[in-house]
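Open the model in your viewer and keep the sequence panel beside it. Each stop below says what to select and then what is there.

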Amino acid sequence: MKNIDSCPVCKATTFKNSLTCKDYTVSQEQFAIVVCDSCGFKFTNPRPDDSVIGSYYKSEDYISHSDTKKGLISRLYHLVRNYTLNKKMGLITKYVSRGTILDYGCGTGMFLKTCVNNSWKCYGIEPDSDALKLATHNGANVFPSKAVLNTFDANFLFDAITLWHVLEHVTDLDETLNFFKAKLNSNGILVIAVPNHTSFDAQYYKEFWAAYDVPRHLYHFHKDTVEKLLSNYGFKLVETKPMKFDSFYVSMLSEKYKTGSINYFTAFMNGLKSNLKARSAADYSSVIYVFKKKQ
Ligand SMILES: [Zn+2]
């Protein structure tokens, strides 16, 4: 196990235990989530070593890495995804009409496929080799790590970099954020979607909240900590958008973890409540943050 000695957001060195969560999808092991005394940032600590973290992704249930359509949750997930892909594209074209895009942690390349269809020049990073193969078939240039992109000409910059539920998985956070700073065009946008642990569904399900997803989720964000972290790397927050379907999906999984079976009605009502109680975009179950470089 790897102990994190200083807060990834503010560098403070004193933390309190916040929650103990179980890995329901792969190992059934328990992991502690700590909260930073100074800035309130929550992170999984200790966490599996970088050399073994990959083994915690080996599960058929880990659907972001596959296109399996088994089961109701999985079918709903795929149905909603097609709708949200177009919404995501719309959000990006509000800032940049067309150009070169990097989807960091692109999975099977579904979002990049949407970008290809909208005439973007598409790049992806995906460490899972099976997902990478599928993403390449969808028409994007996909690499297993950012190392290849570092060998490109220094003038090769992206107009948009996107991370759809990826930043919470990144082991080399400091290196990765510096990479985005170096590779994003001065007028480009950095789009980061992450779960929000201050949402109603997170407060309701507590240690059973599916979006804690330990130990794969290393960091547990909310608006203040995302904003502060990215500010350290020269980015300013320009917009937040809710992801309103996530509360339903996360509530269904959380209900399963909490009770052993899914009560669809309870899960649906909690998903709905989460959306209704969110008074600003930043209170939703998952939030999209749009950043630009500070000028
Ligand atoms: Zn901190």
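Select Lys 11, in the segment before strand S1 (15-22). Strands here are DSSP runs of E with at least two residues, helices are runs of H or I with at least four, and both are numbered from the N terminus. Residues are numbered from 1 along each chain as its sequence is written. This is a predicted model: local features need pLDDT of at least 70, side-chain atom pairs count only at pLDDT 80 or more, and totals for chains, interfaces and linings use all residues.

Lys 11 has a positive phi of about 75°, although it is not a glycine. Is Lys 11 buried or exposed? Lys 11 is exposed, because 12 other C-beta atoms lie within 10 Å. The cut-offs are 20 or more other C-beta atoms within 10 Å for buried, 12 or fewer for exposed, and partly exposed in between, with C-beta atoms placed from the backbone.

Next, select His 165, in the loop between strand S7 (158-164) and helix H5 (173-183). His 165 also has a positive phi, near 55°, and is not a glycine. With 19 C-beta neighbours inside 10 Å, His 165 counts as partly exposed.

Now go to two prolines. Pro 46 sits in the loop between strand S3 (42-44) and helix H1 (72-93), and the peptide bond from Asn 45 to Pro 46 is cis, with omega near 0°.

Then select H1 together with helix H2 (residues 110-117): they pack at an angle of about 55°, with their axes 10 Å apart. The axes are lines fitted to C-alpha atoms over the stretch in contact, and angles run from 0 to 180 degrees between N-to-C directions. H1 and H2 are therefore oblique to each other; angles under 35 degrees count as roughly parallel, over 145 as roughly antiparallel, 65 to 115 as roughly perpendicular and the rest as oblique. On the H1 side, the contact is made by Arg 81, Leu 85, Asn 86, Lys 88 and Met 89, and on the H2 side by Met 110, Phe 111, Thr 114 and Cys 115. Contact means C-beta atoms, placed from the backbone, within 7 Å.

Finally, select Ile 101. Leaving aside neighbours within four places in sequence, Ile 101 is in contact with residues including Cys 115, Trp 120 and Phe 158.

Notes: Two residues are in contact if their C-beta atoms, placed from the backbone, lie within 7 Å.
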